[in-house]
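Dear colleague,

I am passing on a structure that I have been reading through, and below it you will find what turned up. Please keep it open beside this message as you read.

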Amino acid sequence: MFNFFDEIKKALKNNSFVQKYNIVNMSGKLLYVEGHAGILRLSKEEISFKYKGGVIIVEGKDLMLSELMPQTLKITGEIKRVEAL
Amino acid sequence: MKRRNYHLFEIKGLNQERFFNQLCKDFEVFEIDRLQKNHCKFKVKYHDGKKVKKILLQNNYQIISEKKAGFFNNLHIFLTSYGLIAGIVLSVFLYCLQSPFIQKVEVRGVENYLEIEEFVEKNLPTKNKNAIDISQIEHMINYHFDEISFVSGAVIGQSLVINVKTEIVPPEMKDEFAPIVSQYDGVITDIELVQGTLKVEVGDIIQKGQILVEGYVVNSQGEQFNIQPKANIYMDIWVEGEATHFNERLVTYRTGNKVIQVCVTLFGQQFYSNGKTCNFEQFETQQTSQMLNKNNILPFVVTKTTYYELKSQKITSTFEQEKENVIELAKQNCLQKLQGCEIIKKENYQIIEGAGSTTVRYVITANLLVQGENESLHKQT
């Protein structure tokens, strides 16, 4: 099965830095996250989640959790900022 | 930032994303951990726990486990599990805090104890039990109140108890030269004068309150010397007693039915009541109040009110039917007025008829000894 992130990793010679998490922001309306380790905070304005080695904060408006799986999650809404701490 | 006060839920159910989106509108949701597709853990604020649980159950989610943590949870557990112990500890602490101090001054042995209590409370140098000098207080009371002959103080519990004895004045010191006065109306039959000045003679008709022997003597030079009057005076006295019979009278008596109301009050506010009410048409009450316990920490007062049912009955009888009883009653009333050591010389009675009533007047003539110095003297004082 085709996996977008796997294909990119194969194309890269040194792909060790892409092991922790992967995020795709689609037009600021949908955020796809791979490699999260649990949501820390959930609200309409801010969703923060853990990854292996830190915390990612997503800020926006009318944010909604449209899918939550053990490794991946999808956030919809008006995404304004994504910050990794 | 890691939260210390939280309510952790572990739930199972479908469409959890939608649930979380709904939940985060009203509550703060944090640390969501998706374990499997239909299985996750999440935390909410400690105080939101109950509401969130209700919503979870309404949405048919299966709650696998719950856990509460934080200061408020520990406080709740402490209060529910150790509330009694905490109360006792607090009571002991408060008791220890106030036990070294005098809370009450109690004066015993005199009628005007309020005045002495007020004086002691005003002049108490300190309320600390250990710092109070009892002997100083005793001296102070003795010095300030002339009528007091003996004072002793002691600290009992948190009360300063002061025992007081008033000055006892012997009768010869108090009314040494008071005259002998007759307590009855009568006729003098015999006189044995010991000392003093005689003011009556044998055969004199005496009224109640009349002086028999004065407390002085006059010598041949006309000088007057006060002296304690002493004499044995015999008198014939008349004592009257009355009893009235009514042809119609209303007698009220208890039926034996009663209602007992019990209420417990604390600082004047009702704390408990057994809720019984009195429905009797006629009743009389008896009320008793007492402290539930003897300490001053929680002054619960138990008030017991007993309502006795009464009934009235109209009794009709003629004087002739009750004549003997009425005469006997009049005689008893008459005898009550005698001291008990008199020699009864004559008895008679008189019947006085009125409108709807008949009165019996019983008269006893008795011979009485008036002994001067003590008996009569004390009576008049």
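N15(B) counts as exposed because it has 10 C-beta neighbours inside 10 Å, where exposed stands for 12 or fewer other C-beta atoms within 10 Å of a residue's own, buried for 20 or more and partly exposed for anything in between, with C-beta atoms placed from the backbone. N15(B) sits in the loop between β1 (6-12) and α1 (16-26) of chain B, helices (H or I, at least four residues) and strands (E, at least two) being DSSP runs numbered from the N terminus. Its phi is near 55°, a positive value in a residue other than glycine.

Please bear in mind that this is a predicted model, in which local features need pLDDT of at least 70 and side-chain atom pairs count only at pLDDT 80 or more, while totals for chains, interfaces and linings use all residues. Residues are numbered from 1 along each chain as its sequence is written, and chains are lettered from A and ligands numbered from 1 in the order in which they are written.

In chain A, S27(A) also has a positive phi, near 55°, and is not glycine; this residue belongs to the loop between β1 (22-26) and β2 (30-34) of chain A. S27(A) counts as exposed because it has 6 C-beta neighbours inside 10 Å.

What does V29(B) contact, once its neighbours within four places in sequence are left aside? Its partners are L42(A), F20(B), L23(B), C24(B), F42(B) and V44(B), a contact being two C-beta atoms, placed from the backbone, within 7 Å.

Where the chains meet, 14 residues from chain A and 16 residues from chain B take part in the contact. On the side of chain A that touches chain B, β3 (36-42) and β5 of chain A each supply at least two residues. By class, that side of chain A has eight nonpolar, three polar and three charged residues, where Ala, Val, Leu, Ile, Met, Phe, Trp, Tyr, Cys and Pro count as nonpolar, Asp, Glu, Lys and Arg as charged, and the others, Gly among them, as polar.
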